[in-house]
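Work through the exercises below with the model open beside you. Each has a task, then a solution in steps.

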Amino acid sequence: MEDLSRQHLQESPPGGSPSAVALGSHPIHPMLVPFPIAFLITATASDIGFLLTLDSFWARVSLWLLGGGAAMGLVAGIVGTAELLIIGSIRRRAAAWSHSVVAVMLLAVAFFNWFMRLSDPVSTIYPAGILLSALGLLLVSAAGWLGGKLVFEERVGVKEA
């Protein structure tokens, strides 16, 4: 039984998978993910801006970007989880589970990074904040790569013509 399940996940189902959470025929998850991606990547840049200038403005920018990235990531994650749980052909794709796990790790890092900075955005940037931001950047890259694989290679959420 275990070998059948493993083989079941290793071979992607043929054809694409429709979206269950959509506005019309437009999937919502891909509409939401650019926001946390942009916010969390830019938080790393603003952390570097703070380290270069020691201007507290950049520390406050990072705080807001991390909060916005974590919040929007949570919304995108809820929609993505709904897709994963509702559509069986998505659940049968190993890349979908990998994307989900990396995205949850990213959200945990983003929320922790944000919560840590709430009391004092300036003193928490170095070294812990910048390290968490760098880890977040790596996780954003991995989650984005896996999400792109789902859309462009495995045609998840793409309406076949």
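For residue classes, Ala, Val, Leu, Ile, Met, Phe, Trp, Tyr, Cys and Pro count as nonpolar, Asp, Glu, Lys and Arg as charged, and the others, Gly among them, as polar. This is a predicted model, in which local features need pLDDT of at least 70 and side-chain atom pairs pLDDT 80 or more, while totals for chains, interfaces and linings use all residues. Residues are numbered from 1 along each chain as its sequence is written, and side-chain values use heavy atoms, with hydrogens and water left out.

**Exercise 1. The fold**

Task: State how many helices and strands the protein has, and give their order.

Solution: 
- Step 1. Take helices (H or I, at least four residues) and strands (E, at least two) as DSSP runs, numbered from the N terminus.
- Step 2. Count them: seven helices and two strands.
- Step 3. Read from the N terminus: α-β-β-α-α-α-α-α-α.
- Step 4. Of the 161 residues, 38% are buried.

**Exercise 2. The cavity**

Task: Find the largest cavity and classify its lining.

Solution: 
- Step 1. On a 1 Å grid over the protein atoms alone, a cavity is a set of points where a 1.4 Å probe fits but cannot get out; a pocket is an open set with protein on both sides within 12 Å along at least five of seven lines; lining residues have an atom within 4 Å of a point. Points join across faces, edges and corners, and a volume is the space filled by probe spheres set on them.
- Step 2. Search the whole structure: one cavity of 30 Å³ or more turns up. The largest cavity holds about 40 Å³.
- Step 3. List its lining: Leu40, Leu66, Leu106, Val109, Ala110, Asn113, Leu132, Ser133 and Gly136.
- Step 4. Assign elements. H6 and H7 each give two or more residues. H6 gives the most, with four.
- Step 5. Classify: six nonpolar, three polar and no charged residues.

**Exercise 3. The salt bridges**

Task: Which residues form salt bridges, and are they buried or exposed?

Solution: 
- Step 1. Recall that side chains of opposite charge can pair when their charged atoms come close.
- Step 2. Apply the cut-off: a side-chain nitrogen of Lys or Arg within 4 Å of a carboxyl oxygen of Asp or Glu. This gives two salt bridges.
- Step 3. Arg117 pairs with Asp47 at 2.7 Å, N to O. Arg117 sits in helix H6 and Asp47 in helix H3, so the bridge ties together parts 70 residues apart in sequence. Arg117 is buried, at 0% relative accessible area. Asp47 is also buried, at 0%.
- Step 4. Lys149 pairs with Glu153, with the closest N and O atoms 3.0 Å apart. Both lie in helix H7, four residues apart, about one turn of the helix. Lys149 is partly exposed at 28%, and Glu153 is exposed at 57%.

Terms used. Buried < 20%, exposed > 50% of the residue type's maximum accessible area, 1.4 Å probe, protein only.
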